[in-house]
Structures are given as C-alpha cells and as structure tokens.
Amino acid sequence: MTSPTARDTGRPSPDLAAEHLAVYRHLALREFGADLRIGLNLAFYRTFAVPAIARLLVDTGEMTERTQQRADDTGLMMYELIAHGPHHPRGRQVIASLNRIHRVYDITPDEYRYVLGTFVFIPTRWIDRYGPRRLNLREREATWHFWCEVGRLMNVRDVPDTWHGFEQWFNAFERANFGHDAAATRLIDATRDLLATRFPKSLHRWAGAASDALLDEQVRRALGVPAPGRTIRIAVRGLLRVNALVRRFKAVPPDVFTPGQATRHYPAGYEIEELGPDPVRPAPRR
C-alpha cells in the first residue's frame, strides 16, 4: 500500500506526507480517539508475548516499579508525535528522546520492526472490529506512512515496503516468537488496570474482564492469562459492538490533547525532555 511517489523514492513527497499526517491526526484526535487509545494500549500489551521483549521490560524495572508514569510518559510522547508530526520541532525532540532512551538497550532489528508493526496493525484491527466503521484505504495508507516515517527516523531498518508485506512479516514473527515467560506474567499483572481507563465510561465496570476477553488465545497463553468464560466474552464483545453502533449516530467529542499539558505526574505541565526513564539508570543486558 504505497503511492507511486513513495514507491519511486522510498518516501512520500512533502505534500503527500502532510496529507497522511492530517488524515492520521484526524483519526487519532477526532473520529477514533478512544479507539486509537485502546488499540495502542493493546499493541503495547502484545509485545509482552515475545519473551525477549518481556524480559527486557522487566529488567528495566520501569513497567513494574513505575508503571503508571511509564505508561503516561509513553502516551504523551506518542500524542506529541501525532499532534505535530515527526518533523515538527516538538516531534523531532520526541524522536531524539526515544532514540536516546532505546540506544542503551540490547534490542534486535527484528524486535524494533515488530514493535513498530504493533502500532500499525493492532489499533487498525481494533477499529475494524469494534469501531463505528472500518478504516478506508486512504486512512490505512495514512496510518502506514505515519508509523513508517517514525520508524525511519528511529533507524528501524528493512521494514517491508507494502502494508501487505509488512503484515505478512508481522504475523510470521508472532508465530515464530510468541511464547510464555514469567516476565510476561509480571508485566500483565502490573499493567492490567491501565486498560480500564481507556474504555468508554459506560463500559468501565466491565473493563477488567474486557481487557482479558479481547486478547486472542495465543496472546493469553503467552501472558499466562486464563481464558475468560464464554458468557463474559460474548457479553463484552456484544457491549462493545452496541457501543460502536450508538457512535455511528451520535457525535463523539474530540480527544483533547494539549502539548505540555498538566498531568498527574506533571501538575505544572511537562517538558519533552522530562518524559521517559532516568537516562543515568543502568541498562539491562540480555
């Protein structure tokens, strides 16, 4: 799924890149704000199913000891990129911070490529299944180009040059690398409650069950999460589909994001360089 310009040069033209950013920003901050937040959270959970990634995340101590702040900081960085684009000065600052944070860790090219793929495919699959409508070709292309450009700026190499090719690689990576590890269980135990805050308010009372019910079987096995009862699975999926149907006919307020906004961890607002783990903390080695 690439335009002729992207296919000829490896990157879309500036005008086309600006259009892709505008389309993806509209998806994330207006029409599908709640869906994208849930999808991006599920994408992060999915990385726990890869033992090498799960062990690295546990070894850093960030997701088990500073769970809420690490999740909040990650979200702020993502939405800085979405709100401004990766080439805006604030976007460039986020990319520089991400590269600084990750370069001290022993992460393989395949692992970088896989994590990038989770941001492309998992939110899209969520929207297609539980959003008020499926994404169209233009919106998929915008999603693809946005994250591929973020990956390029983070030196993620050898990303397949079509949506279909990348998705095939992504699925094959999961088949080859998913597996249970004690680290995954520690991570899901530490972060399970975070997803509850992403569901619509009408579904908060079922969010705990929903977070488990919406994981597919291979992910649940890898995370050590028991399969919820059939009644729970049917009820949760039914409620989400009813919610999607209601949203087809009811205007949804935009997802509000203000750069530098006050948060629970930054009551006076934040600077981008404050986001992320302490840079002097020693890096774990695998």
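Q: How many residues does helix α8 have, and how far does it reach?
A: In this predicted model, helix α8 covers residues 109-130, which is 22 residues. From its first C-alpha to its last it reaches 32 Å, close to the 32 Å expected at 1.5 Å a residue.

Q: Where is the kink in α8 centred?
A: The kink is centred on T118 and amounts to about 30°.

Q: And why is α8 described as largely enclosed?
A: Of its 22 residues, 16 are buried, so α8 is largely enclosed by the rest of the structure.

Q: Changing topic: how many salt bridges are there?
A: The count comes to 19 salt bridges. One of them joins the side chains of R133 and E31, at 2.9 Å from N to O.

Q: What does that pair tie together?
A: R133 lies in the loop between α8 and α9, and E31 lies in helix α2, so the pair ties together parts that are 102 residues apart in sequence. R133 is partly exposed, with a relative accessible area of 29%, and E31 is also partly exposed, at 27%.

Q: Which salt bridge links R133 and E139, and at what distance?
A: Their side chains meet at 2.6 Å, N to O. E139 counts as buried because its relative accessibility is 7%, under the 20% cut-off.

Q: What about E149 and R152, where do they lie?
A: Both lie in helix α9, three residues apart, about one turn of the helix. E149 is buried at 12% relative accessibility, whereas R152 is partly exposed at 35%.

Methods: Residues numbered from 1 in each chain as written. Predicted model: local features only at pLDDT ≥ 70, side-chain atom pairs only at ≥ 80, totals over all residues. Heavy atoms only, no water. Helix = DSSP H or I, 4+ residues; strand = E, 2+ residues; numbered from the N terminus. Expected span 1.5 Å × (residues − 1). Bend = angle between axes of the 7 residues up to and from the residue. Buried < 20%, exposed > 50% of the residue type's maximum accessible area, 1.4 Å probe, protein only. Salt bridge = Lys/Arg side-chain N within 4 Å of Asp/Glu carboxyl O.
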